[in-house]
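I opened this entry to record what I looked up, step by step. The chain is shown below.

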Amino acid sequence: MGDNTVPEIQRTNLANVGLTLKSLGIDNVMQFDFMDPPPDEALLKAHELLYALSSLNKFGELTKYKCSDDIISIAAMLSVGKSIFYRPKDKQVYADNAMMNFHTGNVGDHITLLRVYNSWKKTNYSTQCMRQTRDIRDQLAGLLERVEIELTSNSSDVDAIKKSITSGFFPHSARLQKFGLYKTIKHLQNVRIHPGSGLAQVLPRWVVYHELVLTTKEYMRQVTEINPEWLVEIAPHYYQLKDVEDSYSKKMPRGAGRAYLDR
């Protein structure tokens, strides 16, 4: 250690340490009994990066759809969560309307996050509340460079980004039933789109989602509309044609989509 009396574990980037611990079956890195405990802040940053990496890992085939640069922006935004969306009590309507501008075209929540990040980038990263997102994104970009994955952007090809999202979240798929209710494809679980989603008033027929959250009901958070054929194309080991073919052979439930909201 020489003249430097600070233990290595307290100076190093803890993301690799966290990955090693997780590979050994130690999931709660924050509570691990280190011989020389690193600062809580360093542990927290490592935990945030690991969460972002898990999101990034879910986005398979980054090179196939030539949108790796876009996907790491989405992964970084997902890792930070809703904390970046400030809704002061006296300006909630204004904040919600501003947010809905990013949903133009009903592109889904993942691409909305990309639009928010890109918009912030165009302002030269003016808002400090998103600095954490940029830090995580920079680290993800460095990790991709280390494994020689080229950073390419394809932000104008919405379907390419949606396919990349689907390749990561294909187990999290759901199909619209009646009265705004969805059923997950594999586990047949009844779920709904979270009210905060940009697709909550749209109710697309088929979706993938980032996670489920339980409040009074089971809600899908961060939702993107997909073509059901993509599920078989991208994950033939997981889905068969029979899982999705009824979407072509059967009619939509009466009053499907936006018409549900008029009842």
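**Barrel first**

I started with the sheet: five strands close into a barrel in the order β1-β2-β3-β5-β4, and their pairing is mixed. Neighbouring strands are turned by 50 degrees against each other on average, ignoring direction. I note that this is a predicted model.

Strand β4 (residues 206–214) runs antiparallel to strand β5 (residues 218–225), and seven bridges join the two. In this pairing V208 stands opposite T224 of β5.

**What lies on the sheet**

I then asked which elements α8 touches on the sheet. They are β1 (173–176), β4 and β5. The direction of α8 makes about 50 degrees with that of β4. I also found α6 lying across β4 and β5, at about 70 degrees to β5.

**Helix α8**

I checked the span of α8 (residues 158–169). Its 12 residues should span 16 Å at 1.5 Å a residue, and the end C-alpha atoms are 16 Å apart, which agrees. Nine of the 12 residues are buried, so α8 is largely enclosed by the rest of the structure. I listed some of the buried ones, including K162, I165, G168 and F169.

**H110**

I looked for H110 and found it in helix α6 (residues 109–122). Is H110 buried or exposed? H110 is buried, because its relative accessible area is 0% and the cut-off for buried is under 20%. Beyond its neighbours within four places in sequence, H110 contacts I74, L78, I165, F169, H210, Q222, V223 and T224. T224 is the β5 residue opposite V208.

**Helix α7**

I turned to α7 (residues 131–146). Its 16 residues reach 23 Å from first C-alpha to last, close to the 22 Å expected at 1.5 Å a residue. I found T133, I136, R137, L140, A141 and L144 buried. Why do they share a side of α7? They cover an arc of only 145 degrees around the axis, which puts them on the same side. An α-helix has 3.6 residues a turn, so residues three or four places apart point the same way. On the other side of α7, R131, E145 and R146 are exposed. Just after the helix, E148 takes a positive phi of about 60 degrees.

**Whole chain**

I closed with totals. The chain has 11 helices and five strands. Of its 263 residues, 43% count as buried. Among contacts between residues at least 6 apart in sequence, 64% join residues at least 24 apart. The accessible surface comes to about 15000 Å², and carbon and sulfur atoms hold 50% of that.

Key
Residues numbered from 1 in each chain as written. Predicted model: local features only at pLDDT ≥ 70, side-chain atom pairs only at ≥ 80, totals over all residues. Heavy atoms only, no water. Helix = DSSP H or I, 4+ residues; strand = E, 2+ residues; numbered from the N terminus. Buried < 20%, exposed > 50% of the residue type's maximum accessible area, 1.4 Å probe, protein only. Contact = heavy atoms within 4.5 Å. Areas by Shrake-Rupley, 256 points an atom, 1.4 Å probe, with all protein chains shown as cover. Expected span 1.5 Å × (residues − 1). Arc of directions from axis to C-beta. Pairing = 2+ DSSP bridges. Axes fitted to C-alpha atoms, helices over the stretch in contact; angles between N-to-C directions.
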